[in-house]
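This report describes selected features of one protein model. The sequence and structure are displayed first, and the discussion follows.

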Amino acid sequence: MSHWTAKVVATAAGALGLLGTVLVVSASSDEPLSPAAVEVADLPAVTDFSIRGEGDRCVFDPDRGGLVYEDLRIESSSTGVLELSFYVQRDSLDDLLPGYVSTVLVFDDDSSSHTFDLVLPVTQDEYDAGYDDCQFSTGGE
């Protein structure tokens, strides 16, 4: 297992606890679910998936507004919905940058993969301060 993959797996496991806490707090609020989440609420959660980007890492591109995953490809052999949140950290989960990008992807018989460019908003100052590590967490169970 490559160093990057091991780091992503370890960080994603830690982030699931953080995300679970956020979801519990969100569930107790009166805010409605996003339209995308409501539309796919009855679909099973995808738990078996892979994520690959060009070069398997994000690269800082100030012209595009932050850290960029080029040709991020998410594949699943099962059908259902996958909720992903991408975020930036410095050294640990204690050093998360406040902004994040989230998406809800649907995998069905006609679509077993999704490919797109992802930009995580990071300023030059934040990047210089060490916020250069892209991570992800899932909203699945």
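In what order do the 3 strands of the open sheet stand, and is the pairing parallel or antiparallel? In this predicted model, the order is 5-4-7 and the pairing is antiparallel.

Strand 4, which covers residues 80–89, is joined to strand 5 by 9 bridges, and the two run antiparallel. Within this region, Gln89 stands opposite Leu96 of strand 5. The loop between strand 4 and strand 5 contains Asp95. Beyond its neighbours within four places in sequence, Asp95 is in contact with Val88, Gln89, Arg90 and Tyr131.

A further residue of interest is Ser76, located in strand 3 (residues 66–76). The side chain of Ser76 reaches the backbone oxygen of Asp48 at 3.2 Å. Asp48 is also among the contacts of Ser76 outside four places in sequence, together with Val46, Phe49, Phe107 and Ser112.

The relative accessibility of these two residues is listed below.

| Residue | Relative accessibility | Class |
|---|---|---|
| Asp95 | 19% | buried |
| Ser76 | 8% | buried |

Why does Asp95 count as buried? Its relative accessibility is 19%, and the class requires a value under 20%. Ser76, with a relative accessible area of 8%, is buried because its value is also under 20%.

Technical notes:
Residues are numbered from 1 along each chain as its sequence is written. This is a predicted model: local features need pLDDT of at least 70, side-chain atom pairs count only at pLDDT 80 or more; totals for chains, interfaces and linings use all residues. Side-chain values use heavy atoms; hydrogens and water are left out. Two strands pair if DSSP finds at least two bridges between them. Helices (H or I, at least four residues) and strands (E, at least two) are DSSP runs, numbered from the N terminus. Buried means under 20% relative accessible area, exposed over 50%, partly exposed in between (1.4 Å probe, protein chains only). Contact means heavy atoms within 4.5 Å. A polar contact is a pair of N or O atoms within 3.5 Å; within protein, one must be able to donate a hydrogen and the other to accept it, and residues adjacent in sequence count only if both atoms are side-chain atoms.
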